[in-house]
Amino acid sequence: MLAGISAYAAIRATSIWAVYRATGDMNSGALSDAADQLSWASYLAPGDPGPDLMRAACYRQMQQMESWRRCIESAKAKDASAALLSRETNLERIQSGRFYEGAEQDIEGMVESGASMQDVAAAFVRGYLASDDTAKAKLFLDGWLKDSPNDAHAVFMRGVYWQWLGDRDQAESQFKSAVEMQPRHELARAALARLLEQQHLLDRSYAEYEELRRRCPASESGPVGMSRILRQRTQLDAAREIMAPLAARSDTSRDVALEMGQIETEAGRCSEAIRWFGLADNGLADDVDLLTAAGVALALADRAAEAAPLFDRVSDTIARSGKTYNLQAQLVMVPSDAAAAEQLRELLSPDAGTQSQSVTVLPPPQMPAASVPPVGRELYIVHCSACHGVDGNGDGRAARHLWPRPRNLRADRFRLVSSTNGVASNEDIVGCLKTGMPGTSMKAYSSLSGDELEELARYVTTMQQAGIRRRCENAAAEEGEQADEAEIKILVDRLTTAEKPIHVPTIGNLNAEAVQRGKVSYVKQGCKSCHGADGVGVPEPELKDDEGRVTRSRDLVHEPFKGGKQPSSIYLRLAAGMPGTPHPASSTLGVAELIDLVQFCRSLTRQPELALTNRERWNVATARAYLERIQ
Ligand code: HEC
Ligand code: HEC
């Protein structure tokens with residue numbers, strides 16, 4: 001009996017000790033570690049709702065609302081006091097901008113009942129921002145910082161405020177000060193790392209994620225961020241290794257599953273990827289990132305038909321958030337617009353979009369394809385239409401999420417050509433299918449047989465021909481004339497038949513003299529004006545491709561080349577140009593000078609290559625266009 005009591009006392013003491021340590025973690029901003037301690041405390045004292053409520057506060061600050069909800073449920077089940085429960089749920093309302101009558105008068109009471117001043121203050125600042133009241137957020141922040149200028153939480157929130165206003169430099173310097181004051185401030189360090197990552201300062205970003213992992217071992221943001229960066233550098237094995245401990249846990253979080261799914265997608269292990277995306281789909285049916293990633297994985301696994309509904313849902317969700325935004329804007333201008341208020345209420349109600357939510361992210365696997373050898377059109381529908389569209393118009397379901405956009409196979413010129421007239425030969429197209437276009441979502445089709453690739457290439461050419469024919473007929477119809485069949489045939493042939501192939505000479509190993517001569521030509525030929533003196537590109541001019549879309553020159557140092565980096569491919573890109581893009585054919589140069597230029601381009605390239613995601617490529621391209629416009 002006595003032994004029982006002292007064991008109980010020991011457990012109780014350990015639980016109190018865990019709560020005590022968690023409080024310390026929370027004060028220094030190490031929220032995941034605090035949550036970890038608290039789940040230990042709950043385990044030791046299963047009937048006590050206190051640790052659940054504290055844990056809820058941690059998740060709320062990290063904005064992990066699923067976990068927050070679970071903790072609140074658990075605290076309720078343990079008969080937590082109504083006052084403490086409502087303090088936590090009120091803070092959640094405030095933080096998400098759903099202020100209730102008298103919220104500001106509650107501040108003192110919340111602090112007296114044990115909430116930390118920093119937590120309450122941060123909830124108000126976030127709430128004002130969420131309800132678009134930046135003036136109040138600023139007023140509140142200024143007051144807070146006047147009282148405690150060295151409070152890392154306040155400085156962090158000032159960073160959040162600047163980020164909200166779109167001022168990256170200010171945000172970065174505030175996040176930096178916050179982690180200097182409090183090196184374990186998890187949210188500040190994660191925000192700093194993310195900001196650096198968004199600016200492609202990958203080394204610095206990686207170092208911050210690594211530091212985050214070291215200082216806050218329970219935080220997932222550190223390893224997940226490290227893995228994302230390793231992925232951009234195509235170091236997939238290293239990424240997998242860093243994620244391994246998190247991936248092995250039985251309660252994998254959404255972020256971890258999403259990251260694992262992306263690693264496997266990029267490694268070409270699509271069924272593994274699809275499994276992870278299935279795990280990430282924990283009722284978060286409207287998550288655009290998840291849906292897009294899962295859709296791309298399915299498309300790459302030749303399950304295009306199943307990918308389609310996912311892309312539809314992405315469009316739905318984006319359309320819905322656009323509508324929400326418009327209604328909110330309308331209500332700011334005309335607060336009395338009852339119809340808009342009602343519509344907004346409907347859109348934001350938890351039942352909105354149930355129709356699309358009734359589909360889960362991942363449908364069951366498709367039946368294996370029949371074993372008759374499929375012909376061009378069928379192969380095309382299965383492997384290519386998700387991106388290039390059923391008819392080859394470049395408007396497949398995935399297209400709008402990709403950058404660069406998939407080629408319109410009926411209208412656009414092809415980039416990878418080896419002929420003197422800039423038309424892709426059958427071998428060029430087969431070659432492109434075999435190796436893909438590195439740095440874009442056009443992947444290599446190494447699993448298809450040589451015959452199948454030939455079929456596909458021929459089918460692509462028939463689409464091209466049909467497209468040209470259609471344009472001729474339309475042009476004639478506009479003039480009120482009947483198209484001349486003989487003329488059309490000549491035109492179609494001319495535009496889709498590759499003339500003489502360009503002869504590629506033997507290109508030897510890199511040598512210093514050739515590189516030196518190449519560097520001189522590089523400047524003389526004006527390559528510098530688009531690719532920059534150091535090869536990494538220049539912010540201007542704003543370049544457009546023939547389809548009128550924003551494009552940018554290749555970063556010759558860090559990026560992969562679409563035609564690959566073999567000397568012979570680079571030679572062809574220089575001699576033939578890349579039709580449809582601003583990159584010119586250097587048709588007047590002699591063989592020797594071209595070889596020198598190839599050698600110079602090769603000498604610039606550095607490993608590992610930068611592998612950006614679709615969205616990142618888009619951001620880089622449009623940011624440059626944007627900079628150009630505002631300067
Ligand atoms: C995941 C999306 C995706 C799939 C699937 C896909 N492509 Fe592409 N494809 C692209 C993108 C994006 C580009 C444009 C890349 C660029 O502009 O740099 C492209 C470009 C091309 C080009 C132009 C090559 C050139 O030299 O300009 C051809 C031809 C092509 N794809 C054929 C196919 C065929 C055939 C298939 C099926 C076997 C296929 N693609 C599957 C995304 C895809
Ligand atoms: C008017 C601007 C412009 C000039 C001048 C220019 N380029 Fe380019 N270059 C581009 C653009 C844009 C691309 C990317 C095209 C695309 O992928 O859509 C590119 C792509 C490249 C590539 C990558 C090929 C691949 O397979 O992806 C190399 C290499 C290259 N350029 C080298 C050169 C050299 C060497 C010169 C000088 C002889 C030069 N460029 C002149 C704009 C230019």
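Reply: Let us begin with a term: a polar contact is a pair of N or O atoms within 3.5 Å. The model is a predicted one, and in it a backbone N or O atom of Gly-563 lies 2.9 Å from an oxygen atom of ligand 2, so this pair counts as a polar contact.

Me: What makes the pair formed by Arg-554 and ligand 2 a polar contact?

Reply: A polar side-chain atom of Arg-554 is 2.6 Å from an oxygen atom of ligand 2, and because the cut-off is 3.5 Å, the pair qualifies.

Me: How do you know that the side chain of Lys-562 has a polar contact with ligand 1?

Reply: An N or O atom in the side chain of Lys-562 lies 2.6 Å from an oxygen atom of ligand 1, and a pair of such atoms within 3.5 Å is therefore called a polar contact. The side chain of Lys-562 also has an N or O atom 2.7 Å from an oxygen atom of ligand 2.

Me: Why is Ile-381 called partly exposed?

Reply: The relative accessible area of Ile-381 is 31%, and because buried means under 20% and exposed means over 50%, a value in between is called partly exposed. Ile-381 belongs to helix H21, which covers residues 376-383.

Me: What makes the patch that includes Ile-381 nonpolar?

Reply: Ile-381, Val-382 and Val-390 make this surface patch of about 210 Å², and Ile and Val count as nonpolar, so the patch takes that name.

Notes. Residues numbered from 1 in each chain as written. Chains lettered and ligands numbered in written order. Predicted model: local features only at pLDDT ≥ 70, side-chain atom pairs only at ≥ 80, totals over all residues. Heavy atoms only, no water. Polar contact = N/O pair within 3.5 Å; in protein donor to acceptor, adjacent residues only side chain to side chain. Patch = residues over 30% accessible without salt bridge, like charges linked within 9 Å, V, L, I, M, F, W, Y side chains within 5 Å. Areas by Shrake-Rupley, 256 points an atom, 1.4 Å probe, with all protein chains shown as cover. Salt bridge = Lys/Arg side-chain N within 4 Å of Asp/Glu carboxyl O. Helix = DSSP H or I, 4+ residues; strand = E, 2+ residues; numbered from the N terminus. Buried < 20%, exposed > 50% of the residue type's maximum accessible area, 1.4 Å probe, protein only.
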